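Here's a quick briefing on the model below. Have a look at the sequence and the fold first, then read on.

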Amino acid sequence: MRIFLISLLIVLSSTAFAYDCLPVSDETAFQNARTVFLARITSAELIPEAPQSSVRAKFDVIEVFKGNPASVKFLTSYTSDSPAWEPLMVGEHYIIFAKSESAAFITNCGNNRHFIEAKEAQWLRKHRVTK
């Protein structure tokens, strides 16, 4: 029984560690990003590759808050039961904090996220560039 409990504890600990993410404030993510922009998903396709399928989405840039988003070619999220991955929905908006990668990942662990303007009003006021 003791070996079973120890084994169970090890399995649960490693699973919890796999989905553990350290929160980063939007301000830190903004400062560390090469580009920050608002994107609208225009199309999405399932990429059935081993070991885990993903969804790759094309997008239109709606608004740029920092830098030039030209280096980001697509957005990606894995299709998993994991709570760490967020689904990508065509027609929806996402805020993207990207460094130099060609694919930005949408997860519940990072700052890239589904963008709902009513919930993000304060963020928009702070980062929107006035012309």
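Let's start with a strand pair: E4 and E6 run antiparallel to each other, joined by 2 bridges. Strands here are DSSP runs of E with at least two residues, helices are runs of H or I with at least four, and both are numbered from the N terminus; two strands count as paired if DSSP finds at least two bridges between them. Keep in mind that this is a predicted model, where local features need pLDDT of at least 70, side-chain atom pairs count only at pLDDT 80 or more, and totals for chains, interfaces and linings use all residues. Residues are numbered from 1 along each chain as its sequence is written, and side-chain values use heavy atoms, with hydrogens and water left out.

**Confidence**

- The chain averages a pLDDT of 77, and 76% of the residues score at least 70; pLDDT is the predictor's confidence in each residue, from 0 to 100.
- Where pLDDT is low, the predicted coordinates should not be read in detail.

**The sheet**

- E4 and E6 belong to an open sheet of 6 strands with mixed pairing, in the order E5-E3-E2-E1-E4-E6.
- At the edges sit strand E5 (103-105) and strand E6 (113-114), each pairing on one side only.
- Strands of a sheet pair through backbone hydrogen bonds, either parallel or antiparallel.
- E1 and E4 run antiparallel, with 6 bridges joining them.
- Ile95 in E4 is the bridge partner of Leu38, and Ile95 also has Arg113 in E6 as a bridge partner.
- E4 is largely enclosed by the rest of the structure, because 5 of its 6 residues are buried. Buried means under 20% relative accessible area, exposed means over 50%, and partly exposed is in between (1.4 Å probe, protein chains only).

**Salt bridges**

- The whole structure has 5 salt bridges, each defined as a side-chain nitrogen of Lys or Arg within 4 Å of a carboxyl oxygen of Asp or Glu.
- Glu27 and Lys126 meet through their side chains at 3.4 Å, N to O. Glu27 is in helix H2 (residues 26-32) and Lys126 in helix H3 (residues 121-127), so this pair ties together parts that are 99 residues apart in sequence.
- Glu27 is partly exposed at 31% relative accessibility, while Lys126 is exposed at 56%.
- Asp60 and Arg40 also form a salt bridge, with their closest N and O atoms 3.2 Å apart. Asp60 lies in strand E2 and Arg40 in strand E1 (residues 35-47), so the pair links parts 20 residues apart in sequence.
- Asp60 is partly exposed at 35%, and Arg40 is partly exposed at 29%.
- Glu120 and Arg113 form a salt bridge at 2.9 Å, N to O. Glu120 is buried at 11% relative accessibility, and Arg113 is buried at 18%.
- Asp26, Arg113 and Glu120 are linked in a network of salt bridges.

**The largest pocket**

- About 230 Å³ of space lies in the largest pocket. On a 1 Å grid over the protein atoms alone, a pocket is an open set of points where a 1.4 Å probe fits, with protein on both sides within 12 Å along at least five of seven lines; lining residues have an atom within 4 Å of a point. Grid points are joined across faces, edges and corners, and the volume is the space filled by probe spheres set on the points.
- The pocket is lined by 15 residues, and the closest to its centre are Phe97, Lys99, Glu101, Asn111 and Asn112.
- H2, strand E4 (93-98) and E5 each supply at least two lining residues, with E5 giving the most, 3 residues.

**Around Glu101**

- Glu101 sits in the loop between E4 and E5 and is partly exposed at 29% relative accessibility.
- Leaving aside neighbours within four places in sequence, Glu101 is in contact with Ser71 and Val72.
- Glu101 and Ser71 are 30 residues apart in sequence, with their C-alpha atoms 6.9 Å apart in space.

Conventions: Contact means heavy atoms within 4.5 Å.
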